[in-house]
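This briefing is for a reader who is new to the structure shown below.

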Amino acid sequence: MKRTIALSLAALLLPLSAAAAADEPAQAPRALGVESSIAFPGDATIRNWQADGEDGIWIEGHRGEWFYGRFVGPCRDLDFAQAIGIDARGVSRLDKFATLIVRGERCRLNSFVTSAPPPAKKAAADPQK
């Protein structure tokens, strides 16, 4: 008897939850190229990163959102680095005022904006051709 009542209540509430979901507005796509920041940068808030030669770096946040940081000057060895450090100057925020430390070199950021994911790497050339 209790099970029947519980199932009846669930069946009555199901259309209400579907109607509420339909009334919610769709999220607008995230604007790209907007100055941004990542609070408390570290293992918990940065999922991945990829070098853009010596000019910049793509950084993936913990929710899968991507950012692009452009350096003031060239950041040598970024393509070959296995890890990077972040000097946020005590504010616990990765933004355009932060400095990345790559193999002992300090690479100061000029901008840190929202971005699309980095372009896919080109497939390796077939050695048999």
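Arg70 has Ser111, in strand 8, as its bridge partner. The model is a predicted one. The pairing of strand 4 with strand 8 is antiparallel and runs over 6 bridges.

**Strand 8 and its partners**

- Besides the pair of Arg70 and Ser111, Trp66 stands opposite Ser115 of strand 8.
- Strand 7, residues 99-102, also pairs with strand 8 in the antiparallel sense, here over 4 bridges.
- Thr99 has Arg108 in strand 8 as its bridge partner.
- Strand 7 and strand 8 form a hairpin with 2 residues between the strands.
- In this hairpin, Arg103 takes a positive phi near 50 degrees.

**The sheet**

- Strands of a sheet pair through backbone hydrogen bonds, either parallel or antiparallel.
- The sheet here is open, has 6 strands in the order 2-3-4-8-7-5, and shows antiparallel pairing.
- Strand 2 (46-52) and strand 5 stand at the edges with a single partner strand each, so one side of each has no neighbour in the sheet.
- On average, neighbouring strands of this sheet are turned by 35 degrees against each other, direction ignored.

**The disulfide**

- How many disulfides does the model contain? The count comes to 1 disulfide.
- Cys75 and Cys107 form the disulfide, with their sulfur atoms 2.0 Å apart.
- The pair links distant parts of the chain, as Cys75 and Cys107 are 32 residues apart.
- Cys75 lies in the loop between strand 4 (66-71) and strand 5 (85-87), whereas Cys107 belongs to strand 8 (residues 105-115).
- The link of Cys75 and Cys107 is right-handed, with 75 degrees about the S-S bond.
- Are the two cysteines, Cys75 and Cys107, buried or exposed? Both Cys75 and Cys107 are buried.

**The chain as a whole**

- The chain contains 1 helix and 8 strands.
- Along the sequence, these elements follow the pattern α-β-β-β-β-β-β-β-β.
- The chain has 129 residues, and 26% of them count as buried.
- Of the contacts in the chain with a separation of 6 or more, 52% come from residues 24 or more positions apart.
- The accessible surface of the chain is about 9,400 Å², and carbon and sulfur atoms account for 56% of this surface.

Key: Residues are numbered from 1 along each chain as its sequence is written. This is a predicted model: local features need pLDDT of at least 70, side-chain atom pairs count only at pLDDT 80 or more; totals for chains, interfaces and linings use all residues. Side-chain values use heavy atoms; hydrogens and water are left out. A disulfide is a pair of cysteine sulfur atoms within 2.5 Å. Buried means under 20% relative accessible area, exposed over 50%, partly exposed in between (1.4 Å probe, protein chains only). Two strands pair if DSSP finds at least two bridges between them. Axes are lines fitted to C-alpha atoms, for helices over the stretch in contact, and angles run from 0 to 180 degrees between N-to-C directions. Contact means heavy atoms within 4.5 Å. Accessible areas come from the Shrake-Rupley method with a 1.4 Å probe; for residues, only the protein chains shown count as cover.
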